[in-house]
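User: Can you walk me through the salt bridges here? Keep it short, please.

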Amino acid sequence: MAIVMINVIPLGTGNSSVSQYVARAVKILEKEKVSYEATPMGTALEGDLDDILPICRKMHEAVFSDEIGRVYTVMSIDDRRDKKGTMRGKMEALNKELAK
């Protein structure tokens with residue numbers, strides 16, 4: 001199980017607000033069978049890496065349009081193979097440490 005953080009950033013919008021473009025990328029996830037969580041600074045996806053990578057490509061492509069000719073996408077991949085990891089499990093481990 002992999003956890004991927006993706007940031008899809010349109011360039012050359014002429015405006016400092018990009019939420020309308022980012023929404024195009026996140027809407028891709030509504031059609032896919034992958035767990036995800038949109039956050040203020042990116043979107044986290046959870047699942048098999050072979051399933052997630054093509055979805056990330058779709059998210060990247062979704063931002064392009066007549067007015068957007070350049071998209072900068074950053075991904076971080078946590079692919080742990082010694083045990084099953086989940087977004088929820090990572091947060092529970094963090095919260096446990098914070099409670100000490």
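Analyst: Here is a quick tour of the charged pairs. This is a predicted model, where local features need pLDDT of at least 70, side-chain atom pairs count only at pLDDT 80 or more, and totals for chains, interfaces and linings use all residues. Residues are numbered from 1 along each chain as its sequence is written, and side-chain values use heavy atoms, with hydrogens and water left out.

User: How many salt bridges are there?
Analyst: The count is eight. A salt bridge here is a side-chain nitrogen of Lys or Arg within 4 Å of a carboxyl oxygen of Asp or Glu.

User: Which side chain does R24 meet?
Analyst: R24 pairs with E67, at 3.0 Å from N to O. R24 sits in helix α1 (residues 19–30) and E67 in the loop between α2 (49–62) and β4 (70–79), so 43 residues separate these distant parts of the chain. Helices (H or I, at least four residues) and strands (E, at least two) are DSSP runs, numbered from the N terminus.

User: What about K90?
Analyst: K90 forms a salt bridge with D78, at 2.6 Å from N to O. K90 lies in helix α3 (residues 87–98) and D78 in strand β4, so the pair ties together parts 12 residues apart in sequence.

User: Now D79. Which residue is its partner?
Analyst: R81, at 2.7 Å from N to O. R81 is exposed, at 71% relative accessibility, while D79 is partly exposed, at 27%.

Note on methods. Buried means under 20% relative accessible area, exposed over 50%, partly exposed in between (1.4 Å probe, protein chains only).
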